[in-house]
Amino acid sequence: MSYDFFIVGENRAIRGAGPNDSLYLSGLQGAGVIDTMTHFGMTVQKDRPQWPTLEEYGVEIAELSSTASLTEERTKARDAFVAAYQGVREATDEHPEGIPAYKLRYNDGFWTTPDEIAAALARYEAHPSYDAAELPFGDQTWARWIAFLRVAQAAGGLRTC
């Protein structure tokens, strides 16, 4: 598995295709970044939320199509399912202590908020050996990741896809 991280704008949509709008990490690099974040206390361990099921809402997969002809009742059921699905992707804590690790480990497009990123960066910068972590020697994956997080925090967050 590889990791594709995308900066999102204020509307929480992926921002664009500019050179600084995304960061690709190989599986090994991504796993190393997440392990390093854990070492610095930047991640919090939470269970990945459960996705709503079509059955819970009485929706058929064909009804998710924008071309589906639906009754008002079926439209309401579909819209309720979509809202619940988006609610899982957009979920956040009111006072985050870092980035929930599942938001980085899975490519489900979870929104990592600017507040979560700020909390993670604050924990990183409070660590006694953070200043040596970005020295320009050897592999620059960590330095690239931290720079990407800082841009994402200012822009509106990030998504892992």
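This is a predicted model: local features need pLDDT of at least 70, side-chain atom pairs count only at pLDDT 80 or more; totals for chains, interfaces and linings use all residues.

Colleague: What makes Arg 74 and Glu 63 a salt bridge?

Modeller: The rule asks for a side-chain nitrogen of Lys or Arg within 4 Å of a carboxyl oxygen of Asp or Glu. The closest N and O atoms of Glu 63 and Arg 74 are 2.9 Å apart, so the pair meets the rule. This pair links distant parts of the chain: Glu 63 is in the loop between α2 and α3, while Arg 74 is in helix α3, 11 residues apart.

Colleague: Is Glu 63 buried or exposed?

Modeller: Glu 63 is buried, because its relative accessibility is 12% and the cut-off for buried is under 20%.

Colleague: How many salt bridges does the rule give?

Modeller: The count comes to 9 salt bridges. One of them joins Asp 93 and Lys 46, whose closest N and O atoms are 2.1 Å apart. Asp 93 belongs to the loop between α3 and β4 (99-100) and Lys 46 to the loop between β3 (43-44) and α2, so the pair, 47 residues apart, links distant parts of the chain. Asp 93 has a relative accessibility of 35% and counts as partly exposed; Lys 46, with 37%, is partly exposed as well.

Colleague: Which residue forms a salt bridge with Glu 90?

Modeller: Arg 159 does, with the closest N and O atoms 2.7 Å apart. Glu 90 lies in helix α3 and Arg 159 in strand β6, 69 residues apart. At 16% relative accessibility Glu 90 counts as buried, and Arg 159, with 5%, is buried too.

Colleague: Let us turn to the strands. What is the order of the strands in the open sheet?

Modeller: The open sheet has 4 strands in the order β2-β1-β6-β5, with antiparallel pairing. Strands β2 and β5 (111-112) stand at the edges: each has a single partner strand, so one side of each is left without a neighbour in the sheet.

Colleague: How do you know that β1 and β2 pair?

Modeller: Two strands pair if at least two bridges are found between them. Strand β1 (residues 3-7) and β2 have 4 bridges, so they qualify, and their pairing is antiparallel. Within this pairing, Tyr 3 stands opposite Leu 25 in β2. By the same rule β1 pairs with strand β6 (residues 158-160), because 3 bridges are found, again in the antiparallel sense. Phe 6 stands opposite Arg 159 in β6. Helix α7 (residues 141-155) packs on the sheet and touches β1, β2 and β6.

Colleague: What does Gly 30 touch, and why is Gly 30 called buried?

Modeller: Gly 30, which lies in helix α1 (residues 27-39), touches Tyr 3 and Leu 25, not counting residues up to four places away in sequence. Its relative accessible area is 1%, and buried means under 20%, so Gly 30 is buried.

Colleague: Why is Ile 61 called exposed?

Modeller: Exposed requires over 50% relative accessible area. Ile 61 reaches 65%, so the residue counts as exposed. Ile 61 sits in the loop between α2 (54-57) and α3 (72-90). Together with Leu 64 and Val 82, Ile 61 forms a nonpolar patch on the surface, with about 260 Å² of accessible area.

Colleague: Finally, what percentage of the residues in the protein chain is buried?

Modeller: Buried residues make up 37% of the 161 residues. The secondary structure of the chain comes to 7 helices and 6 strands.

Key: Residues are numbered from 1 along each chain as its sequence is written. Side-chain values use heavy atoms; hydrogens and water are left out. Patches are made of residues with over 30% relative accessible area and no salt bridge: like charges are joined within 9 Å, nonpolar side chains (Val, Leu, Ile, Met, Phe, Trp, Tyr) within 5 Å. Accessible areas come from the Shrake-Rupley method with a 1.4 Å probe; for residues, only the protein chains shown count as cover. Helices (H or I, at least four residues) and strands (E, at least two) are DSSP runs, numbered from the N terminus. Buried means under 20% relative accessible area, exposed over 50%, partly exposed in between (1.4 Å probe, protein chains only). Contact means heavy atoms within 4.5 Å. Axes are lines fitted to C-alpha atoms, for helices over the stretch in contact, and angles run from 0 to 180 degrees between N-to-C directions.
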